[in-house]
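Let's walk through this structure together, one residue at a time. Keep the sequence and the 3D view side by side as you read.

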Amino acid sequence: MQLAFLTDTIQPLLEKIEEEFERKLYKPSEKDSIDVKFNTASLLRADKQSLANYYNTLFQIGALTVNELR
């Protein structure tokens, strides 16, 4: 239920807010190097399968180490 809430309700709103932050807070020359993202990991906490997939993906692309996952 939380996953559906995140993907159907919250995520579209967060994407619009992120775009507004980038548009209003940064110069055009900074937009390529700065990326505004909301951390929605806590909303996925109840959905253990999604959280496991999320962490596995981050580990596979090298964004997190084994120690960070612990």
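Let's begin with tyrosine 54, which lies in helix 2, residues 48-60. Helices here are DSSP runs of H or I with at least four residues, and strands are runs of E with at least two, numbered from the N terminus. Before going on, please note that this is a predicted model, in which local features need pLDDT of at least 70 and side-chain atom pairs count only at pLDDT 80 or more, while totals for chains, interfaces and linings use all residues. Residues are numbered from 1 along each chain as its sequence is written, and side-chain values use heavy atoms, with hydrogens and water left out.

If you look from tyrosine 54 to alanine 41, 13 residues apart along the chain, you will find their C-alpha atoms separated by 8.6 Å.

Together, Tyr54, Tyr55, Phe59, Val66 and Leu69 make a nonpolar surface patch of about 400 Å². Such patches are built from residues with over 30% relative accessible area and no salt bridge; nonpolar side chains (Val, Leu, Ile, Met, Phe, Trp, Tyr) are joined within 5 Å, and like charges within 9 Å. The areas come from the Shrake-Rupley method with a 1.4 Å probe, and for residues only the protein chains shown count as cover. Which elements give two or more residues to the nonpolar patch? They are helix 2 and helix 3 (66-69), and the largest share, three residues, comes from helix 2.

Now let's turn to the charged side chains. Side chains of opposite charge can pair when their charged atoms come close. A salt bridge here is a side-chain nitrogen of Lys or Arg within 4 Å of a carboxyl oxygen of Asp or Glu. How many salt bridges does this rule give? The count comes to three.

One of them joins glutamate 18 to lysine 37, with the closest N and O atoms 3.8 Å apart. Glutamate 18 lies in helix 1 and lysine 37 in the loop between helix 1 and helix 2, so this pair ties together parts that are 19 residues apart in sequence. Setting aside neighbours within four places in sequence, glutamate 18 is in contact (heavy atoms within 4.5 Å) with Val36, Lys37 and Phe38.

Elsewhere, Glu20, Arg23 and Lys24 are linked in a network of salt bridges. Arginine 23 and glutamate 20 meet at 2.9 Å, N to O; because they are three residues apart in helix 1, about one helical turn separates them. Glutamate 20 also pairs with lysine 24, where the closest N and O atoms are 3.3 Å apart. Those two residues both lie in helix 1, four residues apart, again about one turn of the helix. Glutamate 20 is partly exposed at 31% relative accessibility, while lysine 24 is exposed at 60%.

Our next stop is glutamate 22, in helix 1, residues 2-25. Glutamate 22 is buried yet has no salt bridge, and the nearest side chain of opposite charge, lysine 37, is 5.8 Å away. For charge, Lys and Arg count as positive and Asp and Glu as negative; His and the chain ends are not counted. What lies 3.0 Å from a polar atom of the side chain of glutamate 22? It is the backbone nitrogen of valine 36. Apart from its neighbours within four places in sequence, glutamate 22 is in contact with Lys31, Ile34, Asp35 and Val36.

Finally, isoleucine 34 is found in the loop between helix 1 and helix 2. Isoleucine 34 is partly exposed, with a relative accessible area of 28%, and touches Glu22 and Tyr26, not counting residues up to four places away in sequence.

Notes. Buried < 20%, exposed > 50% of the residue type's maximum accessible area, 1.4 Å probe, protein only. Polar contact = N/O pair within 3.5 Å; in protein donor to acceptor, adjacent residues only side chain to side chain.
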